[in-house]
Amino acid sequence: MSSESVIPGLKELIGSDNVITDPEELYTYSFTAYAVVREEPMAIVKVKSTEEVSKVLKFAYEHGIPVVPRGSGTSVIGSSTPSKGSIVIDLRPMRGIKVDVANGVVEAEAGAYVDEVDKECRKYGFMFPVDPASAESATVGGALAMDAGGMRGARYGTMRHVTLGIEVVLPDGQVLALGAPVYKQATGYDLMHLFIGSEGTLGIITRGWFKIVPAPKSVGRVVAYFDNVEDAARGVYELRRRGFTPLILEFMDDIVVKLANKIKGLNFPEKNMVIVDIDAPKDVLNNLLNEVAGVLKASGAADVKFTTDPDEMAKLYAVRKQAYPTFAAAFPFSFMGDLSVPLSALPVIVKKIREVSAKYDVTIGLIGHAGDGNLHPLVGLQSKDEWWTKARPALIEIEGTSIELGGSISGEHGVGIERKDLLLKELKAKNAERVLEIMKGIKKLIDPKGIMNPGKIFD
Ligand SMILES: Cc1cc2nc3c(=O)[nH]c(=O)nc-3n(C[C@H](O)[C@H](O)[C@H](O)COP(=O)(O)OP(=O)(O)OC[C@H]3O[C@@H](n4cnc5c(N)ncnc54)[C@H](O)[C@@H]3O)c2cc1C
């Protein structure tokens with residue numbers, strides 16, 4: 001349908017101010033954190049309520065117009081990249097947050113930033129369990145649609161592990177509540193979890209109810225520096241094998257540290273790093289930090305430091321915080337990969353990544369929430385052309401190895417546009433290609449006209 005016939009209808013539905021067709025804005029929305037593909041939408045619609053989402057979807061469904069739900073566009077694999085001729089529905093005006101301490105629940109609208117939800121919970125001595133590195137920009141709706149994880153993944157899992165209920169609008173505009181703000185519910189097929197991680201291909205999530213957890217009162221940070229990258233990975237595994245479930249257990253290799261020192265003016269030992277946060281009552285905290293330091297030393301750390309001083313802790317974390325911005329600043333084109341392996345396979349996969357980096361002559365640094373087996377290869381390129389000749393083949397080989405090791409092509413970033421072929425590869429390796437047919441069947445049942453975020457997860 002042409003924009004001349006769609007735009008007046010949309011404006012009539014939710015007001016002219018909320019329907020944006022200004023070319024500069026359309027250009028801005030064509031960008032996401034995935035730089036490989038870019039497409040301008042037909043229009044951007046800003047929604048303030050579930051009712052407005054419902055009206056817009058009903059209209060789009062009746063006219064067969066593609067719809068791309070959008071939070072902040074921080075998906076690194078193209079999930080929020082507009083489709084040709086689509087309406088982008090921007091949910092960020094929907095920002096309500098309500099903490100219900102008595103029931104251990106927070107309710108948040110889809111456009112609230114994850115970090116805002118966490119800050120609101122902390123006013124009551126609680127916190128939001130999931131903390132993606134992008135929490136200041138990632139929205140609740142985006143995090144749900146991607147099943148986002150983060151630093152505290154080894155302890156609390158991903159969005160699907162903390163979500164109790166969601167409100168969704170189906171492609172035809174019907175509003176459904178799935179799950180409920182209670183800690184237990186056993187009522188047949190679990191449709192809520194079907195929508196979590198569905199990357200906007202089944203409907204629009206307008207709000208969610210989540211478990212909250214007490215904010216830790218005393219925390220200490222251990223930082224270990226390793227000469228050998230495999231030893232650092234082994235250190236992570238050794239901690240988990242001994243039953244430690246730290247608040248965070250992050251990994252970063254010497255390639256990232258060296259670059260961050262150079263680009264961001266930091267002064268860290270140029271070695272592979274493991275960062276561990278332990279929360280415990282004050283009287284046992286130091287003993288635990290000592291134990292963690294001992295395990296990391298025994299795994300080959302050249303130097304280990306720990307502190308409970310908040311300023312010192314922040315200083316020790318600065319290099320991890322700068323990892324992604326460093327790559328973005330150091331190279332004309334960069335890409336963040338994602339993989340998940342069993343914890344025991346961490347040393348094997350980091351070795352493989354070094355080999356692949358040499359084979360394709362491409363810079364690959366490594367960061368990751370390694371405590372849950374999740375790593376992000378950071379690829380730095382001199383030009384976008386190198387994406388096709390070097391980076392993508394290198395990443396395909398790395399992801400192939402994570403499948404062989406019993407892992408997955410994605411721990412938290414999803415499939416989007418970028419990983420459709422890799423999803424198929426993973427399913428084939430598991431002898432589970434039928435899964436894709438089942439997914440397509442579900443899509444057809446819920447979205448028979450195929451208007452929701454076309455071209456993502458599968459064609
Ligand atoms: C520097 C950096 C660090 C990152 N760190 C992490 C990390 O630690 N952990 C992690 O998991 N991810 C991380 N990411 C990836 C990304 O930030 C997350 O996937 C995030 O949850 C996306 O949120 P968003 O609001 O930007 O969603 P968008 O990118 O706008 O959308 C993502 C997907 O969700 C859909 N969507 C958005 N809102 C809705 C809705 N209300 N209903 C239905 N579908 C919707 C979109 O259509 C799209 O498919 C990182 C990205 C960057 C750039």
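Helices (DSSP runs of H or I, at least four residues) and strands (runs of E, at least two) are numbered from the N terminus. The model is predicted: local features need pLDDT of at least 70, side-chain atom pairs count only at pLDDT 80 or more, and totals for chains, interfaces and linings use all residues. Residues are numbered from 1 along each chain as its sequence is written, and side-chain values use heavy atoms, without hydrogens and water.

Asn453 places a polar side-chain atom 3.2 Å from a ligand oxygen. The ligand taken alone exposes 980 Å², and the protein buries 96% of that area. Accessible areas come from the Shrake-Rupley method with a 1.4 Å probe; for residues, only the protein chains shown count as cover.

**The largest nonpolar core.** This core holds 50 residues. A core is a set of buried Ala, Val, Leu, Ile, Met, Phe, Trp, Tyr and Cys residues joined through side-chain atoms within 4.5 Å. Phe251, Val274, Val276, Leu296 and Leu375 touch the most other members. Helix α11 (residues 282–298) gives the most to this core, with six residues. The core lies between domain 1 (3–90) and domain 3 (219–420), because both give residues to it. The domain bounds come from an automatic or database assignment.

**Positive phi at Asp147 and Asp361.** Most residues other than glycine have a negative phi. Asp147 is not a glycine, yet its phi is positive, about 50°. Asp361 likewise has a positive phi, near 50°. Asp147 is found in the loop between α5 and α6 (153–156). Asp361 lies in the loop between α14 (346–359) and β18 (363–369). Asp147 is buried, with a relative accessible area of 11%, whereas Asp361 is exposed at 58%. Buried means under 20% relative accessible area, exposed means over 50%, and partly exposed is in between.

**Glu418 and Arg419 in the loop between α15 and α16.** Glu418 sits in the loop between α15 (385–404) and α16 (420–429). Arg419 is in the loop between α15 and α16 as well. Glu418 is buried, at 7% relative accessibility. Its side chain makes a polar contact of 2.7 Å with the side chain of Tyr34. Such a contact is a pair of N or O atoms within 3.5 Å; within protein, one must be able to donate a hydrogen and the other to accept it, and residues adjacent in sequence count only if both atoms are side-chain atoms. Arg419 is buried too, with a relative accessible area of 2%. From Arg419 to Ile409 is 10 residues in sequence and 8.0 Å in space, C-alpha to C-alpha.

Asp279 lies in strand β14 (residues 272–279). Asp279 is partly exposed, with a relative accessible area of 25%. Asp279 and Ala301 are 22 residues apart in sequence, and their C-alpha atoms are 22 Å apart. Lys98, in strand β5 (residues 97–100), is exposed at 57% relative accessible area. Lys98 and Glu109 are 11 residues apart along the chain and 9.2 Å apart in space, C-alpha to C-alpha. Glu397 is found in helix α15. Glu397 counts as partly exposed, at 21% relative accessibility. Its C-alpha atom is 7.4 Å from that of Val356, 41 residues away along the chain.

Technical notes:
Buried < 20%, exposed > 50% of the residue type's maximum accessible area, 1.4 Å probe, protein only.
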